[in-house]
Every structure is written in C-alpha cells, then in structure tokens.
Amino acid sequence: MLPQYERLDDGGSGDSTAPYGGMRRSTFRIRFSRVAAVTVLLPVVGFLFCLIWSLLYNFEQANATHCLVYNFLPSLSAAIGNYQPQRFVWQFSILLHAPARYAIAFLYKNHHLSLLSRKHRKEWAYLACILNIVELSSLVGLSLWTSSNNYEIHKFCFGAFVICSIIYMLMVVLINRLTRAEDMLMLAERKSLRYKRRLLVINVASIVCAVYFFVRHNNHCEPGIYSLFALSEYIFVYSNIGFHMTAYWDFINANMYFHWRTGIHFSAV
C-alpha cells in the first residue's frame, strides 16, 4: 500500500475538517502516470533529436577524435552539447523535466520511509533521496556546462551522475528486497521491481563496457571503437531513464496536485 499525503489546511480558507479539502482547492490536478510519462519522454525525445541531428548535419565534427580514425556514432557529450540546435533542445528538455523529478525524489523518500519503518533503517531512505537529488543536479550541471565550453565542470558532473545513479539504483533495489515479499505485491509493483533489477544489471554492464571501449580507443586508436563507447553511453542513459520510469508502476494510483501557494504535492487514491 502506498502512503497518503495530505496538504496541511491553510487557515481561514474553508472547511478544515474535510480530509481532502485542501486538495479540492488545488488549482491543478493530474494523474501521476501522465506526469511520469511526460517526465520520461522529455529527455528521451530530446536526446533522440540531438543524436539524429548530429548524424545528419554534424557527422564529421561530432565523430572526430584525437586518433583521426573513422567513427559512426558521436559521444553523448558531443551529441548534446557541442552544437546548436542540439544544445538548446537538450538543455530545454532537461530543465523542463527537472522540477517533476525533484518532486518525485521526495515522494520516493516518503515511500521508502514507510517501507523501512519496521526495519529501523530509515537513514537508507534519506541517503537514497540525497543520491537521487545529487544525480539529478549533476545531470542538470553536465547539460548546462558542456564539454566544449567548460570541460572540467562537465567531467565532474558526469562522474557524479554516473556514481550517484548506480548507487541510488542499487539502494532502491536493496530497500525493496529487504522490505517486501514479492508474492505479496500487486501486479504493478511486481512489474516495477522486476524492471528495476533488470535495468540495474543493464546499467552497470553498459558503464563497464563504456570504460573498456574508452580505454581501448585511447590505447589503440582502432576505427569504430569510440562509437562503441558512445553506444555504451546511450545504453547507460536509457537504462537510467527506464529505471526512473518504474515510478509509473510504484505510484500508479497517485495524483499530483499543484497549488499556487503550497506548490506540488501528491496523494494516493
């Protein structure tokens, strides 16, 4: 069962005894499943646009490396940050999806706190939330400071994104394994947990492959190897996006509310 979240009654604004009076006065309500779908589609579509545009109009520049060998796919950094309009489209999609991602991070914190309440390990929920926020902030950072205009900041943000995202995904899988018996879960919850496990394995495998191909490219300068590094980056990014998309099943019955005074809040229905 999901926890229910209620906005505190703002004094003097009506019937304070109605359990969801504040939510009825909310100026905007939307099903969480729609929020999750739109939040995921923004970076998915944004990156696809950047990749296709780079291949069509910046193929030679985007695939160039210090080795001067043939490659057929640009690196993630080159596709999203080195050229226009790709840079604008990527930054726009990331900045537009970020507020919902921050709100969902705190929704997950409350969800994990409820799961861990009997295990006396609530600090795991707070740590997972911090990792989630740092991961998202690093994604915003590497998008705003590209490899072409500030390589050091971009490199730092990319490293923080990779490390925090993997640890966060691992913690979420462990929290669910520790606190939930799979045969007691609803169908949507079982599907969410199953996809989390698979996407975690794919995510870790892809970053291992990326490191291997990157080192091999720098040591041997073989044609096409840097493109395999780039492909590994793409898989890493999309498996990360897919992992966060599992929120669709975790909160399938939830609504998101927005009130002009209190901001974003959620309620399970």
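Which residues is His 97 in contact with, leaving aside its neighbours within four places in sequence?

**View 1. Overview of the predicted protein chain.** This is a predicted model, in which local features need pLDDT of at least 70 and side-chain atom pairs count only at pLDDT 80 or more, while totals for chains, interfaces and linings use all residues. Residues are numbered from 1 along each chain as its sequence is written, and side-chain values use heavy atoms, with hydrogens and water left out. The protein chain contains 10 helices and 3 strands, where helices (H or I, at least four residues) and strands (E, at least two) are DSSP runs numbered from the N terminus. Along the sequence these elements follow the pattern α-β-α-α-α-α-α-α-α-α-α-β-β. The chain has 269 residues, of which 51% count as buried; buried means under 20% relative accessible area, exposed over 50%, and partly exposed in between, with a 1.4 Å probe and protein chains only. Among contacts with a separation of 6 or more, 72% join residues 24 or more positions apart, contact meaning heavy atoms within 4.5 Å.

View 2. His 97 belongs to helix H5, which covers residues 86-116. Its relative accessibility is 2%, and therefore His 97 counts as buried. Leaving aside neighbours within four places in sequence, His 97 is in contact with Thr 39, Leu 42, Pro 43, Leu 136 and Leu 139. The side chain of His 97 also reaches the backbone oxygen of Ile 94 at 2.8 Å.

View 3. A cavity is defined on a 1 Å grid over the protein atoms alone, as a set of points where a 1.4 Å probe fits but cannot get out; lining residues have an atom within 4 Å of a point. Grid points are joined across faces, edges and corners, and a volume is the space filled by probe spheres set on the points. By this rule there are 4 cavities of 30 Å³ or more. The largest cavity holds about 260 Å³ of space. It is lined by 23 residues, and His 97, Arg 101, Asn 240, Ile 241 and His 244 are the closest to its centre. H2, H5, H6, H7 and H9 each supply at least two lining residues, and the largest share, 7 residues, comes from H5. The lining of the largest cavity consists of 17 nonpolar, 5 polar and 1 charged residues; Ala, Val, Leu, Ile, Met, Phe, Trp, Tyr, Cys and Pro count as nonpolar, Asp, Glu, Lys and Arg as charged, and the others, Gly among them, as polar.

**View 4. The largest pocket.** A pocket is an open set of grid points with protein on both sides within 12 Å along at least five of seven lines. About 660 Å³ of space lies in the largest pocket. Its lining has 28 residues, with Ser 77, Tyr 151, Phe 214, Tyr 226 and Phe 229 nearest the centre. At least two lining residues come from each of helices H3 (59-62), H4 (76-81), H7 (151-179), H8 (187-220) and H9 (225-245). H8 gives the most, with 7 residues. In this lining, 13 residues are nonpolar, 13 polar and 2 charged.

**View 5. The nonpolar cores and Trp 90.** A nonpolar core is a set of buried Ala, Val, Leu, Ile, Met, Phe, Trp, Tyr and Cys residues joined through side-chain atoms within 4.5 Å. In the largest core, of 31 residues, those with the most contacts inside it are Phe 47, Ile 80, Trp 90, Leu 139 and Phe 236. Two or more residues of this core come from each of helix H2 (32-57), H4, H5, helix H6 (122-144), H7, H8 and H9, and H9 gives the most, with 8 residues. A second, separate core has 29 residues, including Ala 103, Leu 113, Met 171 and Leu 199. Not counting residues up to four places away in sequence, Trp 90 touches Pro 43, Gly 46, Phe 47, Cys 50, Ile 80, Leu 139 and Ser 143.

View 6. A cis peptide bond, with omega about 10 degrees, joins Gln 84 and Pro 85; Pro 85 is in the loop between H4 and H5. Leu 68, in the loop between H3 and H4, is a residue other than glycine with a positive phi, near 60 degrees. At 75% relative accessibility, Leu 68 counts as exposed. Cys 221 lies in the loop between H8 and H9 and has a positive phi of about 50 degrees although it is not a glycine. At 29% relative accessibility, Cys 221 counts as partly exposed.

Conventions:
Polar contact = N/O pair within 3.5 Å; in protein donor to acceptor, adjacent residues only side chain to side chain.
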